[in-house]
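Thanks for making time this morning.

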Amino acid sequence: MADLDTYPHPNWEIVHRVCHGENDAILSVDVQPSGKRFATGGIIDGIGIWSTSLLRDASKFTKPPSKIEKKQKKKEEDAGCCLALIQRHQGAVNVVRWSSDGRYLASGGDDFIVCIHELQPGRGRSSFGQNMELQMENWACVEMLRGHGLNVVDLAWCPSSDSYLLCTAGLDRSVIMWDASKGTMLRTFKGHENFVKGVAWDPRGEFIASQSDDGSVMVWKVDGEGGDPIAKITEPFEATSTSMSFSSRLSWSPDGGMLCAVGASIQGAVRISREDWSSSIVTVQDSNKKNIGVAISRYNPQIFRWRGESVHYCACGGSRGMFMVLRGVSDPTSNTEEFLVSLVEGQFQQKNVADLAWTPDGQILLAVSMHGTMMKGVFTERNLGIPIKSQVMENQKDSVSSSFASANSTTIHGLAEREGGQSASECSPLTMRKKRRITPTPENDRTGLPLISEDAGPVPDPQKPTVHCQTCCCGGKAHDVSNFFGVPEVSAEFRIGDVAEEKDGPRGLVVTNTGGGGRLSSSSSEKCWSVDMSEPILLGTSNASYIAIVTSANVLQVLSHAGRSVISPMGLPANIVSLRIREDSRLMAAMSDRRIKIWDLDRRRCTFNEKIEECVLKDKVECIEFGVNGYPVVCLKNGCMYAYNNDMESWMLVCSSQSDATFTKQIAVSGTGQQGEHCIPQGSWDGSKFRHYLTVCLDVGNIEQYKRFASRYVQFLLDQRRDSERKKKIEDFCIEVATTPNVDLRDFVQNELLEDVKRDIPLGTFQTSFLCRINEIMDGHME
């Protein structure tokens, strides 16, 4: 490492400092590609949008003026103040990143959600409780991406300016790729065994790199079909433990030839070559000759000419509030040692550096800390050299765009950055979609279902018992499922079997999540045991024979009521959002990729494995239940209901209105219809209503209810004494019931329907052809 004193120092100054305590931490910072704005994310104020003009005048780093200061405010003077404060997350905002074209701002938080924000016309209104006037700009949340099971701590956009693909990293050990323009989850990268705290997208568009607390960096092929990473680097991290760091943000060099990871075993940065994924540790020492731990890295977006060589610069955030800038030769085959260009210490009051960001021209570096301080460093040619345009960087955009042309063909191309006065709805792929207002369910809702409340419509009662299956329990809040299902949140403690439990069912099953794992325990006086899991437990359900639980790692485990594993843990391809188990030990799991699986636990085989068709999900999903026939019934918030019919291999629309939803659900799910035939309103049903529910009963396989409706329909026809066609209708219906496919109802027709008819109309008065046909059917000649 070269002596720092031999190089000219950049100018460093404090842009912003708050000293109100730990809750004032600034957790993330990023500069818009146009260089007009930068964004910050924190604990108290959520997301702040700032004009970069304040970097020239730090005194403008203030919130929008209050009402008292309204008269003193002037438009021109306010150009450098806070343009907007966004408070969409229910918790701290851990990361903010601009899209490659600067149109959208993505944020990830402790609420497991990724929000996509876009500038709208006019001025924004302050959030409830803020003592502020209208904000200078109106930034709206146009999309919420739900799929992570724990905190989202890092994210990265696709480098192509005409693609809105996004990858996110969370503490649920997963990296997820999204199409932000559609709000859909494209792929989940799994392989890490601990928290994933950093993710970076290769500037050439080929790879995604992730770093985890398991002591590894994994490199994934973006368009690869396999689930395994193409490279796994562990050697530099074997002796390290980064679990105490807020994040482990790694970064690619602007030409994509080098990857800078963090958390090396001997403290320092890790230099990984793209050529062969070989690694070397770059150590940095403070003024006392002690090695500095590195938790954040951020490459300068430009390549510079320095003393005849093409070089790049990487800023690294260290422990104890130190951060530094390293210079390296822009050649992946070079073994040239990194040189320390600048070291800053003592400015963040021993608080760790949380994030770093460069301006697009590479001249200013921003650093933020857990103490709430922001610093800027201004670099000149004397510090960096002369910026040059690498041929690789020139060809980079073309190669990245072509890589995603087919996969992202519906994305609107060539979008120029829109300023405040232009319409968003005409060109934005996000704002063209219907905006939603999300209302969380009460804290005691432990159904584990992805529920969404709109402005109207009742919230289902989580305490309402079911008859044929046990509901799952969890500590989850409501989730948006207009495209893909959300993921239940981790609850510190919840019970299994309390919501929908039979009289002889198991009691006293308690789930407790502490730290990084979970525990399932039985407090029954007869059987006391506990089972520890390495991951938090999200969902659970049980019947008289089995207990099924789901962990945050998408692992389904089935136990006996003695706490023994009866089936090996099953890893599933997507997040499980709902569990149901029937008395006959059929277990159903609904997953975030719209797939539903049903297992017969007694026979140990899968009996159902289908996806919900996209045309079915026209509204929010209220619940997914077992149908009478043992197949799923999907209930939507607007009252529509779809039941899977295995004979037809299709999703049947059995209800299309809110007014019929309750009664249809009782027929399709519980099979009771409240009190059978007595549940039918007297005198309020016409023939078409009877015919509708007769069809529904066949679609859902509720034959007992079908018989009740058939008897009532025959009585309805008998009462139509003025109808000259009533005999013909009775004849046709009796033949229809007797020849019902896939079920033998001949005895029912002979012993019940015809007996009802004979009390009113002598059979001898019916046509001879009908009597002959009935006799043939009764004799078994049904062709």
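This is a predicted model: local features need pLDDT of at least 70, side-chain atom pairs count only at pLDDT 80 or more; totals for chains, interfaces and linings use all residues.

Let me begin with Y644, which has a relative accessible area of 4% and is therefore buried, where buried means under 20% relative accessible area, exposed means over 50% and partly exposed lies in between, with a 1.4 Å probe and protein chains only. Y631 also counts as buried, at 18% relative accessibility. Residues are numbered from 1 along each chain as its sequence is written, and side-chain values use heavy atoms, with hydrogens and water left out.

The count of aromatic pairs comes to 18, the rule being that rings of Phe, Tyr and Trp (its six-membered ring) pair if their centres lie within 6.5 Å, with planes under 30 degrees apart called stacked, over 60 edge-to-face and the rest tilted. The rings of Y631 and Y644 have their centres 6.0 Å apart and their planes at 50 degrees, so this pair is tilted. Y631 sits in the loop between β44 (621-626) and β45 (632-636), whereas Y644 belongs to strand β46 (residues 641-645), and the two are 13 residues apart; strands here are DSSP runs of E with at least two residues, and helices are runs of H or I with at least four, numbered from the N terminus. Ring pairs also link F608, Y631, Y644 and W651 into a cluster.

What is the geometry of the rings of F663 and Y693? Their centres are 5.0 Å apart and their planes stand at 85 degrees, so the pair is edge-to-face. F663 lies in helix α4 (residues 658-670) and Y693 in helix α5 (residues 687-700), 30 residues apart, and both F663 and Y693 are buried.

Staying with helices, α6 (residues 703-719) has 17 residues and should span 24 Å at 1.5 Å a residue, which agrees with the 24 Å between its end C-alpha atoms; the expected span is 1.5 Å times one less than the number of residues. Among the buried residues of α6 are Y706, F709, Y713, F716 and L717. At its N-terminal end, N702 caps α6, with a side-chain oxygen 3.1 Å from the backbone nitrogen of Q705, and Q705 is itself buried.

I turn now to charged pairs, of which a search of the whole structure finds 23 salt bridges, each being a side-chain nitrogen of Lys or Arg within 4 Å of a carboxyl oxygen of Asp or Glu. R173 and E535 form one of them, at 3.1 Å from N to O.

In another salt bridge, the closest N and O atoms of E118 and R103 are 3.5 Å apart. E118 is in strand β8 (residues 113-120) and R103 in the loop between β6 (93-98) and β7 (104-109); E118 is buried at a relative accessible area of 0%, and R103 is buried at 5%. For K197 and D213, the corresponding distance is 3.0 Å, and salt bridges that share partners join R97, D154, R249 and D355 into one network.

Finally, two open sheets, in which strands pair if DSSP finds at least two bridges between them. β10 and β11 pair over 5 bridges, and L155 stands opposite T168 in β11.

The other sheet, also of 4 strands and antiparallel, runs β36-β37-β38-β39. Here β36 and β39 (565-571) stand at the edges, and each has a single partner strand, so one side of each lacks a neighbour in the sheet. β36 pairs with strand β37 (residues 547-551) in the antiparallel sense over 5 bridges, and L539 has V550 in β37 as its bridge partner.

Key. A polar contact is a pair of N or O atoms within 3.5 Å; within protein, one must be able to donate a hydrogen and the other to accept it, and residues adjacent in sequence count only if both atoms are side-chain atoms.
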